[in-house]
Amino acid sequence: MATQAVHDAAKSSKLSSAGKILASDLRRNYSLYLLMIPVFLFYFLFMYRPMYGAIIAFKDFNPADGIWGSPFVGLDNFRKFWDSMYRNRVFFNTLKISFSTLIFGFPAPIILALLINELRSKIFTKSVQTITYLPHFISLVVVCGMIKDFTTETGIINDIIKVFGGTPTTMLNNPRYFVPIYVISDIWQGIGWGSIIYLAALSGIDAELYEAARIDGAGRWRQTLSITIPSIIPTIITMLLLRVGQMMNIGYEKIILLYNPLTYESADVISSFVYREGLQNFQYSYSTAVGLLNSLINFVLVFGANILSRKFNDTSLW
Amino acid sequence: MASIDRTKGQDIFNIFNMIFMVALMLVTLYPLLYVVFASFSDAGRFLAHSGMLWHPLGFSGLAYERAFQHPSIVSGYLNTIFIVVIGTILSVMVTAIGAYFLSRKNVLLQRPIAFLIMFTMFFSGGLIPTYFVVKNFLGGVLYDSLWALIVPTMVSTYNLVVMRSGFAAIPDSLEESARIDGAGHLTILFKIVLPLAKATVAVIVLYYGVAYWNAWFNASIYINDNAKYPLQLVLRQILLINDTNNMTFGVDAGDQMAISETIKYAVIVIATLPILCVYPFLQKYFVKGVMIGAVKG
């Protein structure tokens, strides 16, 4: 009894002292908090309100009844997705496109950076950089428009294929070509820009290391293997982990610009499925459930990647 | 030195490396050159042509004339300029305020607020709930308005983090002395912090500017009125949904198909040229941006 009372008293005095600290902080920094109002409003309205809105995943949402008024259905929407024929298709396609861009798209800028690093002419280096960075600044809509035009039956790519004896087809209508088109155009867009970070890491290598290696009789190839590559491994690992964290997070923008019903079987990923079901077929609750499931998987992956990144070297997002 | 450790193997490598680089530059540039050549080509000859293009076939400005007749190209340009200018100004200001707050010392609620802000980088409500928030915002004021393309994407948390690390690098003493002179937070932010973090601010301006310039998706779900389409959405209509009817009237049916091809290429040039013209001058800021982001990203 007595000890309880003492405990309570201590607790309340702790609380009131915490209150006092808070009050004095608010008094001291009130103008700073006032200044933050636009930021608070933005995050509250456009980041946290949608998180609250995501509970329609557990409801049978009807815009007329509102989020609160719509009937609660538990996990029905998740179950519906789990039992649907689309489950495997969108998961598999997401993984397939992720892995393909990872395997082909991830090493490309590293190799480019290593090769640029070996160039001896300054002007030449500068031109290679300027030109390979360029596609990064062309809007996605224009890139996809170009892809579409180049791959039609009479487009330039088919003209070239014809020269080598192939038969021209409208490639974007063929599910077999979707992933290669996606990956190759991704490399075209990103190889130069992606190399910047590695070039920065390369320029940070101590020149004395090369000096010492040369005195020991190491050739350029030996120097690359023993000095250059090991020096940029931390950067590579960080970038790789960030990439893996985004594994299930293939954006819908490029997909929905390029796909069509003929290629859904190989092009439809989770995010494009959510977009189509939600905003074109008006299955609000169902698509929110699928999106939420995907967000949760992403959250775990990004979180895991960050923990690993912090372990390997001291870089992490926070 | 260089001449001593030069070997035959290295010479061969250097030659192959140069060849590879030239090939890479060609592969990067050729699609763009092709677009330019095609846009100036005579429509009929271009349609009949097959294979690579190394110069315009004939010379015709007709495609450009037609493209500018498209009512949405001009309005799209104006809408995009509005979004880029107003959006970037607002975004940079609000982001600067957030970054300023997060880089202060001795603010009690800073850690929990920082956590709530960072958390949104890892988890979001998703497409559909966000759509309803924007659609029903204040009784629907954003819906079908250009503000729907600015307000809901005003702050990018990534940019906020980059800006904070830029601000954190400024020595405290400068702000201290300003505070002793009686300067408020707004004065310190706009008169001291922003000018001192000029390089970071330039990078953030560019990032927001490019993001607003490229955005098309939100417009496709929040905007119904064609007159309010930003340029990228107009481009999507023309390039990906194949709507060139607006520009081919008065051309007889046989030529319509031909001219609609060259019009598309002209449209690409019109929409991309401004960016490519300013890019070489801004390149170093973009590169700097990658570095700043990498330190903290």
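Helices, at least four residues long, are runs assigned by DSSP and numbered from the N terminus. In the predicted model described here, chain B contains 14 helices and 0 strands. Its pattern along the sequence accordingly reads α-α-α-α-α-α-α-α-α-α-α-α-α-α.

The overall dimensions of chain B were examined next. A compact globule of 297 residues would have a radius of gyration near 19 Å, whereas the value for chain B is 25 Å. The C-alpha trace of chain B spans about 75 × 75 × 35 Å along its principal axes. Of the 297 residues in chain B, 36% are buried. Among the contacts in chain B that link residues at least 6 apart in sequence, 74% join residues at least 24 apart.

The two chains meet through 69 residues of chain A and 70 residues of chain B. On the side of chain A that touches chain B, helix H2 (residues 37–53) of chain A gives the most, with 11 residues. That side of chain A comprises 47 nonpolar, 13 polar and 9 charged residues.

The largest nonpolar core has 111 residues, and Leu235(B) and Val267(B) are those with the most contacts inside it. Helix H4 (residues 71–102) of chain B gives the most to this core, with 10 residues. When residues up to four places away in sequence are not counted, Leu235(B) touches Val141(A), Val142(A) and Gly145(A), as well as Val267(B) and Ala271(B). Another core, of 14 residues, lies apart from the largest one and includes Ile110(A), Leu112(A), Ile116(A) and Met21(B).

Within H6(A), Pro109(A), Ile110(A), Leu112(A), Ala113(A) and Ile116(A) are buried. These residues lie on the same side of H6(A), because they cover an arc of only 165 degrees around the axis. The cover over the buried residues of H6(A) includes helix H7 (122–133), helix H10 (175–203) and helix H12 (220–245) of chain A.

Helix H15 (residues 270–280) of chain A is mostly covered, with 8 of its 11 residues buried. Among these buried residues are Ile270(A), Phe273(A), Val274(A), Tyr275(A) and Glu277(A). The buried residues of H15(A) pack against helices H5 (86–105), H13 (252–258) and H16 (284–312) of chain A, together with helix H6 (127–135) of chain B. Just after H15(A), Phe282(A) adopts a positive phi of about 60 degrees.

Technical notes: Residues numbered from 1 in each chain as written. Chains lettered and ligands numbered in written order. Predicted model: local features only at pLDDT ≥ 70, side-chain atom pairs only at ≥ 80, totals over all residues. Contact = placed C-beta atoms within 7 Å. Helix = DSSP H or I, 4+ residues; strand = E, 2+ residues; numbered from the N terminus. Nonpolar A, V, L, I, M, F, W, Y, C, P; charged D, E, K, R; others polar. Core = buried A, V, L, I, M, F, W, Y, C linked by C-beta atoms within 7 Å. Buried ≥ 20, exposed ≤ 12 C-beta atoms within 10 Å, placed from the backbone. Arc of directions from axis to C-beta. Rg over C-alpha atoms; globule rule 2.2 N^0.38 Å.
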